[in-house]
Amino acid sequence: MTKERSELKSIGYEIFIGILSILSIVNLLLLYAVQEKSLDTVLTVMNSVFSAIFVADFLYRIFTAPSAGAYFFKHFGWADLLASVPVAQFKILRIFRLIRVYRLLRDVGIRTIGRALSKDRAGSSLYILLLMGILVLEFGSLSVLRVEQGAPGANIRTASDALWYTIVTISTVGYGDQYPVTDAGRIIGAGIIVIGVGIFGTFTGYLANFFLSPKKKEPAPPVESADTGTVEGLRLRLEESEAKLTEIRKLLVEPS
């Protein structure tokens, strides 16, 4: 099993990449289903973000794989590379990443995965934050653009406006140059603000814990066996000394 999974990374990382692969395939379907140009622009921008992430994932895997050739030819590395190219015809190859996650679930088991994620809570939280940020950026932009672009007096009319508004809102900066004017848009904006505060608050705590927490000390070597051996050795020497003293007394008390 170890040889079969040698190209796999940590459980949290594999699940994170698998979810992004699913989301990128959903985006591909949405591009064909949505006929509105401004919404298509948001999906295209997000697909470009996914492509950059998948290129970084491919480079990370090929440079850390035990065998670059085995990963590229045997473990679908070529599919990872082609799926990273921003060409719609190749994006369907991201299904191979889902196959990798399925194999991880099958080989490791759900219970083991749950224990591993619970044990590495900091790393799991980081992947959840990144995933939430991506989801809010995409669907927050799509939602606010959908409800705002046709409203009277709206200033969020293009994909660029929606993406900029979502970014500055989720980061809790809030320049105020873009803002919703409809009730639905304000509700969406309030949700983005709440999620953004949670994301950046948790992320700040993660960084503080990472840099400020003391390093774990290596466990001290066990001393019980050494102490036991030392005591046993002293006892044996004491017994030998007492035996020699007994022999000496016998020699001294014997008549000459």
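**Close-up views of a predicted model**

A search of the whole structure finds two salt bridges (a side-chain nitrogen of Lys or Arg within 4 Å of a carboxyl oxygen of Asp or Glu). The model is predicted, so local features need pLDDT of at least 70 and side-chain atom pairs pLDDT 80 or more, while totals for chains, interfaces and linings use all residues. Residues are numbered from 1 along each chain as its sequence is written, and side-chain values use heavy atoms, with hydrogens and water left out.

**View A. Salt-bridge network of Glu14, Asp57 and Arg61.** Arg61 pairs with Glu14, their closest N and O atoms lying 2.9 Å apart. Because Arg61 belongs to helix H2 (residues 37–64) and Glu14 to helix H1 (residues 11–33), the pair ties together parts that are 47 residues apart in sequence; helices are DSSP runs of H or I with at least four residues, numbered from the N terminus. Arg61 also forms a salt bridge with Asp57 (3.0 Å, N to O). Asp57 and Arg61 are four residues apart in helix H2, and therefore separated by about one helical turn. Both Asp57 and Arg61 are buried (under 20% relative accessible area, 1.4 Å probe, protein chains only), and Glu14 is buried as well.

**View B. Packing of helices H8 and H10.** Helix H8 (residues 121–148) packs against H10 at an angle of about 160°, with the axes 10 Å apart (lines fitted to C-alpha atoms over the stretch in contact, angles running from 0 to 180 degrees between N-to-C directions). H8 is therefore roughly antiparallel to H10 (over 145 degrees).

**View C. Thr169 and Ile195.** Thr169 is found in helix H9 (residues 159–170) and, at 9% relative accessibility, counts as buried.

Key:
Helix = DSSP H or I, 4+ residues; strand = E, 2+ residues; numbered from the N terminus. Parallel < 35°, antiparallel > 145°, perpendicular 65-115°, else oblique. Buried < 20%, exposed > 50% of the residue type's maximum accessible area, 1.4 Å probe, protein only.
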